[in-house]
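Subject: Handover of a structure and notes on its features

Dear colleague,

Please find below the structure that I am passing on to you. My notes follow it.

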Amino acid sequence: MKSYLRKFWGWGDLHQSWNLREAPKFYEALEERFGALHTDQKLPKEDEIELPAVRLTSEDLQSLGAIVGEKNVYHDHATRLYHSLGKSTVDLIQAKALKRLEAPDCVLFPKTEAEILKILQFCASSCESSKISVVPFGGGSSVLGGVHPRKNENHRALLTLNLQCLNQVLEMNPRTHTARIQAGILGPDLEKKLNEKKYTLGHFPQSFEFSTLGGWIATRGSGQFSTFYGNISDQVVSVRMVTSQGIVETRKVPASSTGPSFKEMLVGSEGIFGVITEAVMQIHPLPQKTQYQSYLFPSFEAGIEALRQIKENDLDPLIARLSDPLETHLFLKMKKSKTSFFQKKFFSLLLKFKKIEPSKMCYLLVGFQGTSESVRAQMRSVQKICPKALCLGQKPAQNWFHSRFQLPYLRDALLDSKILTDTFETATSWDTVFSLYQHVLVETQKKIGSNGMVFCHVSHIYLTGACLYFTFLTKFKEDPLKQMKEIKHHVTETILKQGGTLSHHHGIGIDHRDFLKEEHGPEFVKVLKNMKQSLDPESILNPQKVIQ
Ligand SMILES: Cc1cc2nc3c(=O)[nH]c(=O)nc-3n(C[C@H](O)[C@H](O)[C@H](O)COP(=O)(O)OP(=O)(O)OC[C@H]3O[C@@H](n4cnc5c(N)ncnc54)[C@H](O)[C@@H]3O)c2cc1C
């Protein structure tokens, strides 16, 4: 029996939470919109949720114990429960509302590739009715149903493979700027080990504290500093994957002209081909200097144009995050410290001087990393690109930096107050960024009603376009799960219609699966199915995810 220091019904650490009342202005804004908030303080208890009976026999459990060691086979209630959901809004609502959840029949914690290979071979037994489905599990932070225990309907049971015992940095080579790292390592442990040698991977998704290298690679994710370090796919030099057919490994070469890239086919495969056990990753020396700056723009469009010019002028920001007017407004309301009368007066004079209307202003956070000279030079260049913007200095951006992993706790607090909230992300070319933004705002508003709030920020920028990240807030209806499904479906359709990609960094999982044909065309889905047939002919790995 394992005990867990994380929430199965919410984000992150059991002892951390977000108190809405600590930011009174933000709280007032919510009450103005949604009426008096009544927070549901009742937390679900593990034993109040019923799970289906374990479908594995004692002989199965013994055989699995012989592979991974008896103490690494868990089929207790708590372990099954903690592996029954990911961290999407729907998952969190279900964890609190439902009395019964689907769950894996058991959870294994393998320590070696050899063990994983034996497990897969055991589960892919030759007789159809005795096969067992397998779900790879990193940190379980998937927001698209990626770790849900969905069994192949012909199989007799399902087990989850928790990979967190594969948590070592195996080698570091400063000469080649690479490190060989096991896939189950969590973000903070990985950075700590690299930082000890004065290196960083530079990959910091908002879920950093509770997600793994393998999960980042499997979902083709992005971090908050990916505008500078690249998305995870840019940083993978080589991947090693255990499949039921054996181990596959891509070459550890910087580039090759040998047909379509096998590595690229494994990155983003979301556990449907095999289990990623390790990867050779590009690493970077810790920077000499990091500096942030904040600006206010007179409009979202003006801010977007400045971001485009930042890339066009060959600047290389660590982060360039532009909020639209509503997000800016809410961001300012989240400030916990009080603003004096004189500060307010001075601020409104500055806005007037810069001809910025408070209702239209948009907040840009920009940061640079490198040598002191290069940071200074790039900051000066940004200043030239943003002559109409009001520079707010370094403080607001530093505040963001220090609280950047806390925001996910806000979602729990909102859901507890019966405010439905979720996020959507996409990427599109500079030519369509603004029009896509406008359409998604209009279409989301239609679905969430006039009382709802929808806002957006540009989170990653490229020479050719940008990633847009939307958030909405609306009152719970009677059936919030149905409400959520309808909003998500409509917004996804709108994003695709307006030229955006189905996902810039969250992946496919179950929730995006049925849109994959629209994203890539039917031939792509056929190719994926054929690849799965080669690498996972018994179809045991992550059934119903990505393709069906
Ligand atoms: C609050 C919050 C913030 C987030 N912020 C970001 C963000 O900034 N950027 C971003 O990209 N994503 C973000 N996400 C989404 C999620 O954290 C990412 O998809 C992350 O990469 C998942 O990593 P994980 O280790 O938790 O994987 P899991 O959730 O455990 O798994 C994700 C998928 O990958 C498969 N998988 C996991 N490990 C392996 C492996 N070793 N081999 C094969 N398959 C595997 C699983 O089967 C599943 O299909 C966020 C999610 C939340 C809840």
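A salt bridge is counted here when a side-chain nitrogen of Lys or Arg lies within 4 Å of a carboxyl oxygen of Asp or Glu. By that criterion, Glu 113, Arg 240, Glu 249 and Lys 252 are linked in a network of salt bridges. Please bear in mind that the model is a predicted one.

Salt bridges

The structure holds 22 salt bridges. One of them joins the side chains of Arg 240 and Glu 113, with 2.7 Å from N to O. Arg 240 belongs to strand E8 (residues 236-243) and Glu 113 to helix H5 (residues 113-123), so this pair ties together parts that are 127 residues apart in sequence. Glu 113 has a relative accessibility of 16% and therefore counts as buried, the cut-off being under 20%.

Arg 240 also forms a salt bridge with Glu 249, where the closest N and O atoms are 2.9 Å apart. Glu 249 is partly exposed, its relative accessible area being 34%.

A further salt bridge connects the side chains of Glu 305 and Arg 308, at 3.0 Å from N to O. Both residues are in helix H11 (residues 300-312), where they are three residues apart and thus separated by about one helical turn. An α-helix has 3.6 residues a turn, so residues three or four places apart point the same way. Glu 305 is partly exposed, with a relative accessible area of 32%; Arg 308 is likewise partly exposed, at 23%.

The sheet

Seven strands make up an open sheet with antiparallel pairing, in the order E15-E12-E14-E13-E17-E18-E16. Its edge strands, each of which pairs on one side only, are E15 (390-393) and E16 (419-429). From one strand to the next, the twist averages 20°.

Strand E16 runs antiparallel to strand E18 (residues 465-475), and 11 bridges join the two. Within this part of the sheet, Phe 424 stands opposite Phe 470 in E18. Helix H16 (residues 407-416) packs on the sheet, where it touches E16 and E18; the direction of the helix makes about 135° with that of E16.

Helix H16

How far is H16 enclosed by the rest of the structure? Nine of the 10 residues of H16 are buried, so the helix is largely enclosed. Among these buried residues are Pro 408, Tyr 409, Leu 410 and Arg 411. The list also includes Asp 412 and Asp 416. The buried residues of H16 pack against helix H1 (24-34) and helix H4 (89-97), as well as against E16 and E18. Just after the helix, Lys 418 adopts a positive phi of about 65°.

The ligand

There are 37 residues around the ligand, and those that come nearest are Pro 136, Ser 141, Ser 207, Thr 212 and Ser 222. A polar backbone atom of Gly 140 is 2.8 Å from an oxygen atom of the ligand. For Gly 146, a backbone N or O atom lies 3.1 Å from an oxygen atom of the ligand. At Ile 276, a polar backbone atom is 2.8 Å from a nitrogen atom of the ligand.

With kind regards

Notes. Residues numbered from 1 in each chain as written. Predicted model: local features only at pLDDT ≥ 70, side-chain atom pairs only at ≥ 80, totals over all residues. Heavy atoms only, no water. Pairing = 2+ DSSP bridges. Helix = DSSP H or I, 4+ residues; strand = E, 2+ residues; numbered from the N terminus. Axes fitted to C-alpha atoms, helices over the stretch in contact; angles between N-to-C directions. Contact = heavy atoms within 4.5 Å. Buried < 20%, exposed > 50% of the residue type's maximum accessible area, 1.4 Å probe, protein only. Near = heavy atom within 4 Å. Polar contact = N/O pair within 3.5 Å; in protein donor to acceptor, adjacent residues only side chain to side chain.
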